[in-house]
Structures are given as C-alpha cells and as structure tokens.
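Hello,

Here is the structure I promised to hand over. Please have a look at it before reading on; my notes on what was found in it follow below.

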Amino acid sequence: MRKWLIPLVIVVLLIGAGSIAWTVYRGVTGLVGVFTEVDDPVIEMHAAMNANSDEEAYGFLAQDLQQTVSAEEFEREFRAQRIWGDAGEFSFSSRNIAGKVARIKGSYTRADGSVLPVFVQLVKEREAWKIARFHFGAPPPGQEEWEI
C-alpha cells in the first residue's frame with residue numbers, strides 16, 4: 001500500500017511546483033507587458049510619421065496637448081529634431097507609471113547613428129495611452145531625473 005503513496009506525493013509536489021512556477025511566470029510577463037505598453041504610442045506615432053500619415057501621428061497626442069499644439073507645430077517640431085521621416089528608432093530605459101500618468105525616458109537613435117535623449121509623459125484617455133508631453137535633449141529644467 002505504501003508503494004503507491006510515494007509516487008502520488010511526488011506527482012502532487014510536481015504539479016504544485018509547476019503551478020507556482022506558471023503563476024510567477026505569468027505574473028512577471030504580464031507586469032512587463034503593462035509596464036512597456038506605454039512605449040507603444042510613441043513607437044506607433046513614429047511609424048505613422050514614417051508613413052507620412054500626419055493625422056494618424058497627431059492622433060497619438062493627448063487631447064490637452066492637441067488643444068495647445070497644432071498639427072503643423074507638432075510636425076515642425078519633429079522635423080526640427082530630425083525624427084519625422086527618419087528611419088531611426090526609439091528605445092526606453094526607464095518607466096514610471098502612477099495611475100493614469102506615465103513618464104518614460106530613453107533615446108531616439110537616428111538613422112545616421114546620432115542619439116537624442118527623449119523624455120515623454122503619457123496620460124490614459126479612454127483606456128488608451130496618449131502622449132501629453134515630449135522633451136528632447138537634456139532633462140527638462142528642474143527635473144534632472146524626470147522623477148523616475
């Protein structure tokens with residue numbers, strides 16, 4: 001009777017350990033997904049810029065920012081930074097999400113290899129992250145660490 005008890009205990013322990021490992025894995029990958037989803041609007045906006053989809057790119061801005069920055073000013077600023085139409089890419093190294101506000105910092109590496117530091121603040125509007133503020137170059141004055 002004891003011969004079947006040992007394999008049963010081993011099976012139960014393996015199932016338990018596997019369940020715990022699976023739960024931890026799903027928790028970590030789910031957290032990473034939520035944490036990095038704030039990068040998506042910036043990357044998708046850049047893809048729209050490369051496709052010369054002006055309205056689509058402008059649509060990634062938060063409503064408050066659209067009320068203060070026209071589509072023409074928006075495009076002019078990104079052309080001035082040599083991002084609009086450039087085949088480079090954004091990369092983010094730090095993220096801080098607090099409720100419906102996210103701040104990310106990283107860089108934009110232009111197609112020619114030059115690197116531009118980037119700071120972005122996003123807000124959640126109707127379950128979607130929208131860009132509320134962009135800053136290029138050194139951190140904004142008084143916010144050397146961009147509160148990350």
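Lysine 124 has a relative accessible area of 24%, so this residue is partly exposed (buried means under 20% relative accessible area, exposed over 50%, and partly exposed in between, with a 1.4 Å probe and protein chains only). Its side chain meets that of glutamate 37 in a salt bridge, at 3.8 Å from N to O. For a salt bridge, a side-chain nitrogen of Lys or Arg has to lie within 4 Å of a carboxyl oxygen of Asp or Glu. This pair joins distant parts of the chain, 87 residues apart: lysine 124 sits in strand S3 (residues 115-125), and glutamate 37 in the loop between helix H1 (2-36) and helix H2 (40-50). Glutamate 37 is partly exposed too, because its relative accessible area is 28%.

Before I go further, please keep in mind that this is a predicted model: local features need pLDDT of at least 70, side-chain atom pairs count only at pLDDT 80 or more, and totals for chains, interfaces and linings use all residues. Residues are numbered from 1 along each chain as its sequence is written, and side-chain values use heavy atoms, leaving out hydrogens and water.

As for the overall layout, the protein chain has 5 helices and 4 strands, in the order α-α-α-α-α-β-β-β-β along the sequence. Both are DSSP runs numbered from the N terminus: helices are H or I with at least four residues, strands E with at least two. Of the chain's 148 residues, 33% count as buried.

How many salt bridges are there by this rule? The count is 4. Another of them connects arginine 95 and aspartate 39, whose closest N and O atoms are 2.7 Å apart. Here again distant parts of the chain are linked, 56 residues apart, with arginine 95 in strand S1 (residues 89-98) and aspartate 39 in the loop between H1 and H2. Arginine 95 counts as buried because its relative accessibility is 16%, and aspartate 39 is buried at 8%.

Arginine 79 and glutamate 75 also form a salt bridge, with 2.8 Å between the closest N and O atoms. These two are 4 residues apart in helix H5, so about one helical turn separates them. Arginine 79 is partly exposed at 42%, while glutamate 75 is buried at 18%.

Next, the aromatic rings. The structure holds 9 aromatic pairs. Rings of Phe, Tyr and Trp (its six-membered ring) pair if their centres lie within 6.5 Å; planes under 30 degrees apart count as stacked, over 60 as edge-to-face and the rest as tilted. Phenylalanine 90 and phenylalanine 92 are stacked because their ring centres are 5.9 Å apart and their planes stand at 5°. Both phenylalanine 90 and phenylalanine 92 are buried. Phenylalanine 134 and phenylalanine 136 are a stacked pair as well, at 5.4 Å centre to centre and 20° between the planes. Phenylalanine 134 is buried at 18%, and phenylalanine 136 is buried at 13%.

Finally, which residues gather in a patch of negative charge on the surface? They are Asp54, Glu55, Glu72 and Glu73. Patches are made of residues with over 30% relative accessible area and no salt bridge, like charges being joined within 9 Å and nonpolar side chains (Val, Leu, Ile, Met, Phe, Trp, Tyr) within 5 Å. Helix H3 (54-58) and helix H5 (71-80) each supply at least two residues of the negative patch. Aspartate 54, in helix H3, is partly exposed at 33%.

Best wishes

How values were computed: Accessible areas come from the Shrake-Rupley method with a 1.4 Å probe; for residues, only the protein chains shown count as cover. Lys and Arg count as positive and Asp and Glu as negative; His and the chain ends are not counted. The place of a charge is taken as NZ of Lys, CZ of Arg, CG of Asp or CD of Glu.
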